[in-house]
Amino acid sequence: MEQKEKTMIEERIIDVLKTVYDPEIPVNIWDLGMIYKIDLKDDGTLDMDMTFTAPSCPAADFILEDVRSKVESVEGVKSANVNLVFEPAWDQSMMSDEAKVALGFEYKKKVEKTCLFPE
């Protein structure tokens, strides 16, 4: 599998991950930062690490099965091994800016100052 094809498949994987939601949170798992690793092998095997916002998530089985079935439906993915991990522990800093806004969190983007007139 060429790198261009692999990149396109990985983009489609991300697109389907954006359709997976925890029933209690109105933001998708990608923007929540719950996906830690997407590793697509040349043979179409996908290894993926994901976590939950809380280790005792009552919807864990439902979400895991939704993830697995959706990523396996992506053309180019032959099988998916979805690993549930808790290291590093999930925290709010892992969310995208869009997720933070959607959930009402205030955030400040880091602004780098530049010196137009160096001394």
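**Figure 1. Contacts across the whole protein chain.** Of the contacts in the protein chain that link residues at least 6 apart in sequence, 59% join residues at least 24 apart. The model shown is predicted. The protein chain contains three helices and three strands, and their order along the sequence is α-β-β-α-β-α. Of the 119 residues in the protein chain, 36% are buried. The accessible surface of the protein chain comes to about 7900 Å², and carbon and sulfur atoms account for 51% of that surface.

**Figure 2. The largest nonpolar core.** This view presents the largest nonpolar core, which has 30 residues. Which residues have the most contacts inside this core? They are Ile-29, Met-50, Ile-63, Val-67 and Val-71. Two or more residues of the core are given by each of the elements α1, β1, β2 (45-50), α2 (60-72) and β3 (79-84). The largest share, five residues, comes from α2.

**Figure 3. The surroundings of Ile-63.** Ile-63 is among the residues with the most contacts inside the largest nonpolar core. When neighbours within four places in sequence are set aside, Ile-63 is in contact with Val-20, Tyr-21, Asp-22, Pro-23, Ile-29, Met-50, Phe-52 and Cys-57. Two of these partners, Ile-29 and Met-50, are also listed among the residues with the most contacts inside the core.

**Figure 4. The crossing of helices α1 and α2.** The axes of α1 and α2 come within 9 Å, and they cross at roughly 145°. The crossing of these two helices is right-handed. Which residues of the two helices meet? From α1, Ile-13, Val-16 and Leu-17 take part, and they meet Val-67, Lys-70 and Val-71 of α2. By type, the residues of this contact divide into five nonpolar, no polar and one charged. Val-67 and Val-71 also belong to the residues with the most contacts inside the largest nonpolar core.

**Figure 5. Lys-6 in helix α1.** Lys-6 is placed in helix α1, which covers residues 3-17. Is Lys-6 buried or exposed? Lys-6 counts as buried because its relative accessibility is 15%, and the term applies under 20%. Apart from residues up to four places away in sequence, Lys-6 touches Met-1, Leu-40, Lys-41 and Asp-42.

**Figure 6. Leu-40 in strand β1.** Leu-40, one of the residues that Lys-6 touches, is found in strand β1. Leu-40 has a relative accessible area of 1% and is therefore buried. Residues up to four places away in sequence are not counted in the following list: Leu-40 touches Met-1, Lys-6, Ile-9, Glu-10, Thr-45, Leu-46 and Val-77. Gly-76 is 36 residues from Leu-40 in sequence, and the two residues are 9.4 Å apart in space, C-alpha to C-alpha.

**Figure 7. Pro-26 in the loop between α1 and β1.** The loop between α1 and β1 (35-40) holds Pro-26. Pro-26 counts as exposed because its relative accessibility is 62%, and the term applies over 50%. Leaving aside neighbours within four places in sequence, Pro-26 is in contact with Tyr-21 and Leu-103. How far apart in space are Pro-26 and Ala-102, C-alpha to C-alpha? They are 7.9 Å apart in space, although 76 residues apart in sequence.

**Figure 8. The loop between β3 and α3.** Pro-88 lies in the loop between β3 and α3 (97-102). The peptide bond from Glu-87 to Pro-88 is cis, with omega near -5°. In general, most peptide bonds are trans. Gln-92 is also placed in the loop between β3 and α3. With a relative accessibility of 43%, Gln-92 counts as partly exposed. Gln-92 touches Lys-100 and Phe-105, when residues up to four places away in sequence are not counted. Gln-92 and Thr-53 are 39 residues apart along the chain, and their C-alpha atoms are separated by 8.6 Å.

Technical notes:
Residues numbered from 1 in each chain as written. Predicted model: local features only at pLDDT ≥ 70, side-chain atom pairs only at ≥ 80, totals over all residues. Heavy atoms only, no water. Helix = DSSP H or I, 4+ residues; strand = E, 2+ residues; numbered from the N terminus. Buried < 20%, exposed > 50% of the residue type's maximum accessible area, 1.4 Å probe, protein only. Contact = heavy atoms within 4.5 Å. Core = buried A, V, L, I, M, F, W, Y, C linked by side-chain atoms within 4.5 Å. Axes fitted to C-alpha atoms, helices over the stretch in contact; angles between N-to-C directions. Left-handed = near helix turned anticlockwise from the far one by under 90°. Nonpolar A, V, L, I, M, F, W, Y, C, P; charged D, E, K, R; others polar. Areas by Shrake-Rupley, 256 points an atom, 1.4 Å probe, with all protein chains shown as cover.
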